[in-house]
Amino acid sequence: MLKIEKLNVYRGYIHANIDISLEIKKGEMVGIFGSNGAGKTTLLQSIMGLVPVESGSIYYNGLEITAFPPYKIARLGIGYVPEDRRLIGELRVKENILIPCWGKKVSQRVKFNTFEEIFPGIKKLYGKSAEFCSGGEQMLIAIFRALSSGPEFLLLDECFEGLGGVARESWKEYLSQERKNGLSGLITESNRAFLTWCDKLYQIERGILKPL
Ligand code: ATP
């Protein structure tokens, strides 16, 4: 489903991803853990087309997407949850969640009742401006935004770290179930304990990825 071959990415003078190769099959959830500055965000951003790739290739379902802009990558069915959430603070929670559906001109695929099963408290937040939500609530909104248009593949940047304990457990439960329906994902965390349920686990250190 997602295949990365010898990926090299620089942030200024820093060689942030060094010869990274990785393959994720349909229905697989792969975890990468690493300390701050190890290169996790850079890897997800380069898959999403948000930072330029120096060399190497990224394929999604056999199509080379290495030089694709982010909007084209999103339209292929890849959903992204950035570590810093990137919500539009002035918009209400429900509007933030629906942005990908409007952008891709598709109807909502994962419905609000599913979000309410993951986190019942979301119901009372729908009408609130996103900027007035707590950090944990904002992380959930970013997750639900990534899900709303029905992605087949998720890129999750330290989202477990940003959630409260109950939401963390039900989000993990949701992902574990959905991989049986073919949902795949690449999940980065600095805390290895959040990734024990993943199908494969890697460690990234100073830009180098090692299988565990
Ligand atoms: P964190 O958990 O702190 O987000 P990370 O594992 O996601 O860390 P990256 O954010 O990918 O790591 O950073 C990899 C390297 O690239 C680090 O040395 C970091 O300082 C550098 N870096 C990241 N973003 C930028 C940027 N916008 N400009 C310059 N250097 C950057």
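Author: Start with the span rule: the expected span of a helix is 1.5 Å times one less than its number of residues. Helices (H or I, at least four residues) and strands (E, at least two) are DSSP runs, numbered from the N terminus. This is a predicted model: local features need pLDDT of at least 70, side-chain atom pairs need 80 or more, and totals for chains, interfaces and linings use all residues. Residues are numbered from 1 along each chain, and side-chain values use heavy atoms, without hydrogens or water.

Reader: What span should the 14 residues of helix H5 have?

Author: At 1.5 Å a residue, H5 (residues 135-148) should span 20 Å, and its end C-alpha atoms are 20 Å apart, so the two agree.

Reader: How many residues of H5 are buried?

Author: Buried means under 20% relative accessible area, with exposed over 50% and partly exposed in between (1.4 Å probe, protein chains only). In H5, 12 of the 14 residues are buried, so the rest of the structure largely encloses this helix. Among them are Glu137, Phe144 and Arg145.

Reader: What do the buried residues of H5 pack against?

Author: Contact means heavy atoms within 4.5 Å. The partners are strand S6 (78-81), helix H3 (93-104), H4, strand S7 (153-157) and helix H6 (165-178). Just after H5, Gly150 has a positive phi of about 70°.

Reader: Where is Glu116, and which residues does Glu116 contact?

Author: Glu116 sits in helix H4 (residues 112-118). Leaving aside neighbours within four places in sequence, Glu116 touches Ile122, Lys123 and Tyr126.
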